[in-house]
Amino acid sequence: MKIIDLMDQIKQKPDVYVDAPMHTLQEKRYTSGDLLGTSNSVLIDHRGVMYTLRLTQFGKLILTK
């Protein structure tokens, strides 16, 4: 069998079928600037527990309890 014939068979028969969900969840997206503004840290209240999101001097984000 020639390679061209094999390629034609592959194109005709997809080997993966994916059922698309009826709906997709929309994620909210924020930039670190949106959250931090001009400060280096922000407090986040998650179910009554306070967390601190902090920007380090090297530009990394750290979330602590």
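**View 1. The hairpin of β1 and β2 holds Arg47 with a positive phi.** In this hairpin, 2 residues stand between the strands β1 and β2, and Arg47 takes a positive phi near 55°. The strands named here are DSSP runs (E, at least two residues), numbered from the N terminus. Arg47 lies in the loop between β1 and β2, and its phi is positive although the residue is not a glycine. Most residues other than glycine have a negative phi. The side of Arg47 open to a probe can also be described: with a relative accessible area of 78%, Arg47 is exposed, where exposed means over 50%, buried means under 20% and partly exposed lies in between, for a 1.4 Å probe and protein chains only.

The model is predicted, so that local features need pLDDT of at least 70 and side-chain atom pairs count only at pLDDT 80 or more, while totals for chains, interfaces and linings use all residues. Residues are numbered from 1 along each chain as its sequence is written, and side-chain values use heavy atoms, with hydrogens and water left out.

**View 2. Three strands form an open sheet in the order β1-β2-β3.** The pairing in this sheet is antiparallel, and two strands are said to pair if DSSP finds at least two bridges between them. The edge strands are β1, residues 41–46, and β3, residues 61–64, each of which pairs on one side only. From one strand to the next, the twist averages 20°, an angle taken between the N-to-C directions of axes, which are lines fitted to C-alpha atoms, on a scale from 0 to 180 degrees. Strands of a sheet pair through backbone hydrogen bonds.

**View 3. β1 and β2 pair in the antiparallel sense over 6 bridges.** Val42 has Leu53 in β2 as its bridge partner, and Ile44 stands opposite Tyr51, which also belongs to β2.

**View 4. β2 and β3 pair in the antiparallel sense over 4 bridges.** Strand β2 covers residues 49–55, and among its residues Arg54 has Ile62 in β3 as its bridge partner, while Thr52 has Thr64 in β3. In the hairpin that joins these strands, with 5 residues between them, Gly59 takes a positive phi near 85°.

**View 5. Leu63 and Ile62 are found in strand β3.** Is Leu63 buried or exposed? At 52% relative accessibility, Leu63 counts as exposed, whereas Ile62, at 31%, counts as partly exposed. Leaving aside neighbours within four places in sequence, Leu63 is in contact (heavy atoms within 4.5 Å) with Ile44, Tyr51, Thr52 and Leu53. With neighbours within four places again left aside, Ile62 is in contact with Thr52, Leu53, Arg54 and Thr56. The C-alpha atoms of Leu63 and Ser41 are separated by 9.5 Å, and these residues are 22 residues apart along the chain. For Ile62 and Thr52, which are 10 residues apart along the chain, the C-alpha atoms are separated by 7.9 Å.
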